[in-house]
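Subject: The two-chain model, with notes

Hello,

Here is the structure I promised to pass on. Please have it open while you read, as my notes follow below.

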Amino acid sequence: MPFNQKPQKFNAKINDVTIGSGDKTVTFGGDCTFPFYSFDAESENSPKIGVEISDMGLEGVSEGIKAYYEGATTMGEIAQKAAAMEGADFVALILEGGDPNGVNKSIDELIEVVKEVAAAVDCPLVVEGCKNVEKDAELLPKVAEALQGRNALILSEKEENYKAIGAAAGLAYNQIVGAESAVDINLAKQLNVVTTQLGVDAKKIVMNIGSAAAGYGYEYVVSTMDRIKGAALGQNDNMLQMPIITPVSAETWNVKEATASEKDMPEWGPQDERGIDMEVETAAADLAAGSDAVILRHPESVKTISKLIKALA
Amino acid sequence: MLIDRIFNGNDAVYGLTVQAVDGAIAQHGADKAVGFPHTAYCLPCYYAVTGVKVKTLGEMKEALGVVKTLMTREQQLDDALMSGVATALCAEFIEALKYLDGAEPYSEPCYGHLADSIIREMGVPLVTGDIPGVAVILGSAPTAKEGVDLIKSYQAQGILVTLVGGIIDQAQELGLKMGYNVRIVPLGKEVTSVIHVVSVALRAALIFGNVTPGDAASLLTYTKDRVPAFVNAFKPVDDVILAAGAGAIKLGFPVITNEDENVEEVPGALIGCANVADFNKVSLEARNIKIKITKIDIPVAFASAFEGEIIRRKDMQVEFDGSRVDCAELVQTREMSEVEDHKITVVGPEVDEMEFGSKNSIAYVVEVAGKKMQPDFEPVIERKFHNYINCIEGVYHTGQRDMQRIRIGIEAFNAGFRIKHIGEVLYSQVKNEFDAVVDKCQVTIYTDPAECTRIRHEVAIPVFDKRDERLDSLTDESVDVYYSCILCQAFSPSHVCVVTPERLGLCGAVSWLDAKATNQLDPAGPCQVITKERPIDENLGSYEDVDEAVQKFSQGALEHVTLYSIMQDPMTSCGCFECICGIEPFSNGVVIANREYAGMTPLGMTFPEMASMTGGGVQTPGFMGHGKHFISSKKFMKAEGGIERIVWMPKELKETVAERLNKTAKELYGIDNFTDMVGDESIATDPEALVEFLTEKGHPALSMDPMM
């Protein structure tokens, strides 16, 4: 019997959400098939890649990353190099120095960094908070204010602080709201519901459904993304049709495979390569499971994933 | 009368505005630019209401014609309120004229017009509730002190206070520190400057509510529902103020006044309040503003870290013990007028007056009122008391109802902890956690032994009895809706519990009342309403509504679920089940094993082995997870004949459920001491020996129709 292809047609699609302003914009989402199922329908919009830089500069980054940014001394210069990376679609600034349990930089100090980066590059911007819910509730509204007119993605509001961040980013300063939940379809949906109840337009929300490095409880991430895409397309659930962005590097560069030195683990091989491997493996799996965008750090990872997307999409 | 006064005030203001605009045109010409500084919304109020941007004096003149059309003169309340809106728009024109040629008409301490950036900044705390409300105080208080006290009372609650008129002089006279940073904003001394706060409310609707300018209906809905503002107007309230007040009322902002002459009250909108000291309370209630409690006023710490803390006898100052003396804990629903918020009363001796190491009586009654409060929530709130009191550093609590036991440690006592602080904790926790249903709360704590006896026997026990009766009388047939529960989907993605009065969640922790309360408290949360309007088969307990709900909440993994059958589309399980029931083919019955039971069952399977067939959201006909309480339910696998099918349970479980199970068996089949016919591990764990035992006892399952 000859093979008879039956395209799986959905009467629903993932929202397309554009970030950035002027002629430098990038759009997430928009597809009506499962990830890379280009045999079911033409892809509207392939997944996007962001390059992550930190307010901590090049402190603690791997050798390969350091080498790429050589010569860049200010945050502005670092941002420019990030934007110029081969395969990069946008720049993601993570304000990890704001964490009260870490360096605990002041909000004013961090806003200066945001302004410097914003002034240095005109590409689409994503700003990630410091992950502390109380600090982010104060910090991210200020970030949204500082980036007026840039149509930036603010990552992210959580269940505990969605009102402050959702209202500031989504209503007061017209940015795109990142909604972060902890690897659970119902929590993801609930956060989208309450955010839209605030008055934020559902078409201005991007989800971060939570992530993990491959091998670190990662199956939950796959099954959650899978179910979200299934509900969004198969059941036309418009509270789950927001595109998904996954910050990969913040997870993968902290696991032992990436942090153990070659001296300690000679049998594991060069440290930089292991970091790239973790980043690439995780990002590839995220994209295959349903992420519409990933955030990476290493230029090699960005190049590799960019190639993967071109080959599959 | 009231309506005529509003019309008069409106006419007066309109007349003045026409004069002022004509005068300005005569002086500057019709093309002269007009507008407020630092706003993208021109004349924001006029723009928000009509969708038209007024940019010149000539356009302002035309706009006055539009305003005139709002000034209808039917003797109807709504005509009066629209005239109020017209008055407000006129006030905006008059104020705008002050800003001609880049003038700065307002100086310290008055703000006048507020820039867009302030609204964007203020909008966020308004949305999060950090600014719970906006007070507009207008006129002069009877005395400066009363006025300033009122301002401070709002300030202490985090409410943004705007001031118009004589109150500004009064505040300055007493040296009150004012400014946006301390949330006290004097607008201006003329009554027309009140428009600057209206302008804030309307721009908030445009910015935060995505209201289209000119869509007056959406605009008014937004300000009414989302902008928690209210007006406090001091007497004398003249026609002009009354007309402006009518505008506020149209926006949904109630006006509270001490004016008692020539003013009729309009319920919920224009409210008389003779005593200025009561303005705060009356205003908050009228606008339904709830103040978040951020700090509990007690001398020791309060945190979940102390929840597991145990106070040993040697570390104990005093104790209260419901098993030895009369104690009780109780939540009671009251009318709004019967509860004074945050009133805490101790009746009887304080800890200081109790003997060291003594055993005492205690009874606390928490009275709550709220528009959405229902007596069904009382036990849900009460069950949290254990957790609340335990979270106090140096205090511990066990038990419930009239069997609670509390110990106050020596260190907590020395730190100043007293009985009244238990009241503070109960008050603030109930208000914080149940803010969706509790608007007001007061606590009375009895330590007087005679009073405790009275409360326990005359108040609490009758209430508990009534509640138990209500629970018993709640049947699947007597309610209109069931609830879904998907609390466990994080690890069991395709499982959905359907919770009914007679079938609680399989974890045993979510009853129908709990699910109902969860739904009310967290409407977007894990428990959603399932209607039961389209039954398919009442005996199986299958409904089209239920099927649709499980399809939706399992994201399509489940299509059909019955409530009462173990064989046909049985309800799925997450993995949290208290018990598992499995079909036992030799005896034609079922075996139940509870999680605590570690031994073998006549099915040749242990509990974990049965669990592997039952959990994970899969439907395995012949197996079903459930709560202990469900065993004695009349709906327990009703489709297959009900509890008569139970042939075996672990001894411990059998003893736990015996009383209720026997009662159900008697009611349904007239069988006495049914559990005597049910096997357990001391009788048999292999099917042949079990059948022998059942035959000897004449167990009804043996003669029933085969299950398969």
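How many bridges join strand 2 of chain B to strand 3 of chain B, and do those strands run parallel or antiparallel? There are 4 bridges between strand 2 (residues 160-164) and strand 3 (residues 184-188) of chain B, and the two run parallel. (Two strands pair if DSSP finds at least two bridges between them; helices, H or I of at least four residues, and strands, E of at least two, are DSSP runs numbered from the N terminus.)

Before going further, a word on the source. This is a predicted model, in which local features need pLDDT of at least 70 and side-chain atom pairs count only at pLDDT 80 or more, while totals for chains, interfaces and linings use all residues. Residues are numbered from 1 along each chain as its sequence is written, with chains lettered from A and ligands numbered from 1 in the order in which they are written.

**The strands of chain B**

Staying with strand 3 of chain B, Val161(B) stands opposite Ile184(B). This strand is mostly covered, with 5 of its 5 residues buried. (A residue is buried if 20 or more other C-beta atoms lie within 10 Å of its own, exposed if 12 or fewer, and partly exposed in between; C-beta atoms are placed from the backbone.)

Strand 13 (residues 405-409) of chain B has 4 of its 5 residues buried, so it is largely enclosed by the rest of the structure. Strand 7 (residues 316-321) of chain B runs antiparallel to strand 13 and is joined to it by 5 bridges, with Met316(B) partnered by Gly409(B). Strand 12 (residues 395-398) of chain B is also antiparallel to strand 13, through 4 bridges, and here His397(B) has Ile406(B) as its bridge partner. Strands 12 and 13 of chain B form a hairpin with 6 residues between them, and Gly399(B) in the turn has a positive phi of about 75°.

**Two helices of chain B**

Helix 10 (residues 239-250) of chain B has 11 of its 12 residues buried, so this helix too is largely enclosed by the rest of the structure. Among the buried ones are Val240(B), Leu242(B), Gly245(B) and Lys250(B). Just after helix 10 of chain B, Gly252(B) takes a positive phi of about 100°.

Gly15(B) sits in helix 1 (residues 2-28) of chain B. Is Gly15(B) buried or exposed? Gly15(B) is exposed, because it has 11 other C-beta atoms within 10 Å. Its C-alpha atom is 9.3 Å from that of Cys90(B), 75 residues apart along the chain.

**Helix 3 of chain A**

Over in chain A, helix 3 (residues 107-120) has Leu110(A), Val113(A), Val114(A), Val117(A) and Ala118(A) buried. Seen down the helix axis, the buried residues fall within an arc of 130°, so they line one face of helix 3 of chain A; the arc is that of the directions from the helix axis to the C-beta atoms. Asp108(A) and Ala119(A) are exposed on the face turned away from that buried side. Cover for the buried residues comes from elements including helix 2 (75-83) and strand 4 (90-94) of chain A.

**Cores and overall form**

The largest nonpolar core has 194 residues, and Val91(A), Ile154(A) and Val194(B) have the most contacts inside it. (Such a core is a set of buried Ala, Val, Leu, Ile, Met, Phe, Trp, Tyr and Cys residues joined through C-beta atoms within 7 Å.) Helix 4 (residues 77-98) of chain B gives the largest share of this core, 12 residues. Apart from it lies another core of 117 residues, among them Cys485(B) and Phe623(B).

Chain A has 11 helices and 10 strands. The radius of gyration of chain A is 19 Å, close to the 20 Å that the globule rule gives for 313 residues, so chain A is as compact as a globular protein of that length. (The radius is taken over C-alpha atoms, and the rule is 2.2 Å times the number of residues to the power 0.38.) Chain B has 21 helices and 23 strands. For chain B the radius of gyration is 33 Å, well over the 27 Å that the globule rule gives for 708 residues, so chain B is more spread out than a compact globule.

Best wishes

Note on methods: Two residues are in contact if their C-beta atoms, placed from the backbone, lie within 7 Å.
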